[in-house]
Amino acid sequence: MNSATRQTGLLFLWLLSFILTGDACDVARSELPRSRATDLKTDFATDENAMFARPVHLAFQNGRLSVVDAEEASVSVFDPEGRFMGRAGGKGQGPGQLDLPTAAWPVADGLIVSDGRNRRIVRFDARGRERDSFRLNFFPAAILPLAVDRVLVARNPGGGDKKGRVLNCYDLRGRPLWSALPPAASGDRVADTMSNVVILMGAPSGESFAVFRYRAEGIRRFSAAGRDLGEIRPGRAYPVGRIRRTIAPGKTIQAEVFCWHAAYSEGRFYLLAAARTEDGDLGPGSDVYAIGFDGRIQEVIELPGTMTKIAASAERLYALDLDYRLRVLKVEKK
Amino acid sequence: MKQVVALLLLGVVLVTAALVLVASARPPRSVTQCYNDWETCREEALARDASVIQTTLMLTLCDVSFGRCILYG
């Protein structure tokens, strides 16, 4: 092989690697349709009912929005325009009280809440009074109501427990119905804890969707009966966050962030992509990727700042910003 | 002036002694209590929406506390 042929071959290989690696993704990403989200609720900086001490969950369902405040141990409910409707909970172990709640969803006749430290699932009526509850033998990390008679509860086993499952479905009396998704159990408790962090989303049909925040996998689909319906993987242009940093001699942290948070509405998934922080770490971002059931990225929505949690309805996006304020957003094509 | 300093030092010694006595008088926590505290610590770390490295460090601290709790109660 002469020198000219070898050089041509090397050039070809370099071009091929350029096309097949991240550079090609960046080109594709820049060509995605882009939209901009702007604030509809303009009093977000002054509405004290829409400011929280430590919001940990945001959900839109049944025409209402719920925000869980772990610090205040309460759940606030808003209408689709972001107007405050009421609040349930309060710190404690008694009826109607919560301790480190992790998630809540508006249901037809009230709210359903995962009451973390009290290890129970609580239903509140429309006036914010406790209706009933059932106990769990683990800390409920997240919940999702499925249809009218069952609830999906996420568990984060962490410390090497291979027997439990991440997703556990119960009827409203607390009887187990099905479970799915074995937890990560590598023996590294910190890595396992992060790998088992799951975000739950649901469709009105009773189908559920699960996304592992710190695993570069897709969106897992389950029927209301617990049948595994496969996985939706977003197109190559979707930006999975990756970080590798040596923090001490012999100690390297390596992690992937599939998305910081996620929401579902009307056949579309909204994935809030992670972004680089000023110090090179990975944190919450300001771009939401709207993805269809085929995994195709339909558009990239630019939020008006960095957000930590999102929820979606047919017409709006909802988000919690870094100052723990509720934002109600309208999406417009750029 | 010397008397004020001496009184301050005496105060510090008494407070420290009281804290040590309270800590040693506390009943040791059970393994279940250690586990529950660890679970709560993890959830609080994850709920903070801190960046990846910060979250990893917070979870490591939870693990260290869990280990100490198991060993020393």
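A polar contact is a pair of N or O atoms within 3.5 Å; within protein, one must be able to donate a hydrogen and the other to accept it, and residues adjacent in sequence count only if both atoms are side-chain atoms. Keep that rule at hand for the tour.

This is a predicted model: local features need pLDDT of at least 70, side-chain atom pairs count only at pLDDT 80 or more, and totals for chains, interfaces and linings use all residues. Residues are numbered from 1 along each chain as its sequence is written, chains are lettered from A in the order in which they are written, and side-chain values use heavy atoms, with hydrogens and water left out.

**Stop 1: the interface**

Show chain A and chain B together. Contact (heavy atoms within 4.5 Å) links 33 residues of chain A with 24 residues of chain B. The two chains bury about 2400 Å² between them, 58% of it on carbon and sulfur atoms. Buried area here is the accessible area (1.4 Å probe) lost when the two parts are put together, summed over both.

Now select A:Arg54, A:Arg189 and A:Val190. They supply 22% of the area that chain A buries against chain B, more than any other three residues.

**Stop 2: polar and charged pairs**

Between chain A and chain B, 13 residue pairs are in polar contact, both residues at pLDDT 80 or more. On the side of chain A that touches chain B, α3(A) gives the most, with 4 residues.

The interface also holds 6 salt bridges, each a side-chain nitrogen of Lys or Arg within 4 Å of a carboxyl oxygen of Asp or Glu. Select B:Glu44 and A:Arg117 for one of them: the closest N and O atoms are 3.5 Å apart.

**Stop 3: A:Arg120**

Move to strand β8 (residues 120–125) of chain A and pick A:Arg120. Is A:Arg120 buried or exposed? A:Arg120 is buried, at 4% relative accessible area; buried means under 20%, exposed over 50%, partly exposed in between (1.4 Å probe, protein chains only). A polar atom of the A:Arg120 side chain lies 2.7 Å from the backbone oxygen of A:Gln97. Beyond four places in sequence, A:Arg120 also touches other residues, including A:Asp115, A:Glu130 and A:Phe134.

**Stop 4: two positive phi angles**

Select A:Ala73, in the loop between β3 (64–69) and β4 (74–78) of chain A. A:Ala73 is not a glycine, although its phi is positive, about 55°. A:Ala73 is buried, with 0% relative accessible area.

Finish at A:Leu100, in the loop between β5 (84–89) and β6 (101–107) of chain A. The phi of A:Leu100 is near 55°, and the residue is buried at 7%.
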